[in-house]
Amino acid sequence: MQTKIIVNPMANKGNCGKRWPQICAELEKHLGPLASAHVAMTRAPNHATHLAREAVDAGYRRLVSVGGDGTFSEMMNGVIADDRPIASDLVLAQLPGGTSNELSRSFGQLSLTEASKAIAMGHTRDIDVFRADAKGYAGGQVTRYGFVLAIVGAAATISWRAQRVPLLKRLGPISYVLMTAFTSLTYSPRPYRIQIDDEAEQHVPMWSLMLCSFDGAGEGLMLAPGADPADRKLDLIMVGDMGRWESLTRIVPNLADGSYLEHAKVSRRHASRITIDSDDMIRADVDGESIGQLPMSVTMLPFHLKVAAVNRS
Ligand SMILES: Nc1ncnc2c1ncn2[C@@H]1O[C@H](COP(=O)(O)OP(=O)(O)OP(=O)(O)O)[C@@H](O)[C@H]1O
């Protein structure tokens, strides 16, 4: 199978580029020598999307991103068009070279060696993909394909602040801890209009809403314990009308083990199509990238993508 490697040299604050020779040597131990024609370096944000599309058009069927979650997500968005994969026999893989590499962890790959072995041995797993349409920050419609989670409200504001404030971004994971505390103390629940599958629209005040395909996300967060990333359903979690102190003391500390779900104002159910709107400005985030604001609709798509993953059985 022809393999294209897409490297983001700027991932992990430029460390990915510096470590590329070492990462390449590890990959070559398992895959054999890599000709330079099979490696492409990203030159700007979203370049991985174009490189992935070009690679599939040129006949590559296995695409490996070297970087963080953003690079993998950009690559994945390049291989889907009109709500379906642009080729039927694709395998995507990630080698951890970013800051948090949460996706690698979701695929069961904890190290560069494990990820390289999973690619070489051809172990894969199927994952669901959803489509999110929201209002972009420039005012137009944005469409993003995702596979881990879509979040709105307080959780999306935490993500947006942690990514946008340059000083905080340099702090890495600690920025999320600081912004979670700050946002909990300043963010008030807002009125939402929600339509789930074919049900009637609901009007509810909420602090945050999360649509999870995987069980975990972010820095060790267990948002939807037991969620199946290939069941063609999203776990819809609604965090209701929380007071500031209540969110800081009863929700935030219990995100790591999923016990926040026991709170009386938190609900969980399955959904495969949801439209969310509000008269207030509410941020929306897909797979860790702030894409814009409400209204947003999220739809599970009727296909699986194959990703290289460690075979634990
Ligand atoms: N050549 C480039 N110059 C500047 N930015 C780039 C370049 N190539 C890609 N990017 C951008 O780098 C950003 C960060 O990439 P990525 O998310 O992979 O790394 P990370 O943030 O370190 O890791 P993680 O998301 O796992 O925490 C992405 O938004 C991507 O668009």
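This note goes through the fold, core, domains and ligand site of a predicted model.

1. **Basis.** The model is predicted: local features need pLDDT of at least 70, side-chain atom pairs count only at pLDDT 80 or more, and totals for chains, interfaces and linings use all residues. Residues are numbered from 1 along each chain as its sequence is written.

2. **Overall fold.** The protein chain has nine helices and 19 strands. These are DSSP runs, numbered from the N terminus: helices are H or I with at least four residues, strands are E with at least two. The radius of gyration is 19 Å, close to the 20 Å of the globule rule for 313 residues, so the chain is as compact as a globular protein of that length. That radius is taken over C-alpha atoms, and the rule is 2.2 Å times the number of residues to the power 0.38. Along the principal axes, the C-alpha atoms fill a box of roughly 55 × 45 × 40 Å.

3. Two residues are in contact if their C-beta atoms, placed from the backbone, lie within 7 Å. Of the contacts with a separation of 6 or more, 72% join residues 24 or more positions apart. Buried residues make up 44% of the 313. Buried means 20 or more other C-beta atoms within 10 Å of the residue's own, with C-beta atoms placed from the backbone.

4. **Core.** The largest nonpolar core holds 85 residues, and Ile 6 and Cys 212 touch the most other members. Strand S19 (residues 289-308) gives the largest share of this core, eight residues. Such a core is a set of buried Ala, Val, Leu, Ile, Met, Phe, Trp, Tyr and Cys residues joined through C-beta atoms within 7 Å. Beyond its neighbours within four places in sequence, Cys 212 has contacts that include Leu 149, Leu 223, Asp 235 and Ile 237.

5. **Domains.** The chain divides into domain 1 (3-122) and domain 2 (130-302). The bounds come from an automatic or database domain assignment. Their C-alpha centres lie 26 Å apart. The contact takes 12 residues from domain 1 and 16 residues from domain 2. On the domain 1 side, H3 gives the largest share, five residues.

6. **Ligand shell.** The ligand is surrounded by 21 residues, the closest being Pro 45, Gly 68, Gly 70, Gly 98 and Thr 99. Near means a C-beta atom, placed from the backbone, within 6 Å. Helix H3 (residues 69-78) supplies the largest share of the shell, four residues. By class, the shell has four nonpolar, 14 polar and three charged residues. Ala, Val, Leu, Ile, Met, Phe, Trp, Tyr, Cys and Pro count as nonpolar, Asp, Glu, Lys and Arg as charged, and the others, Gly among them, as polar.

Notes:
A residue is buried if 20 or more other C-beta atoms lie within 10 Å of its own, exposed if 12 or fewer, and partly exposed in between; C-beta atoms are placed from the backbone.
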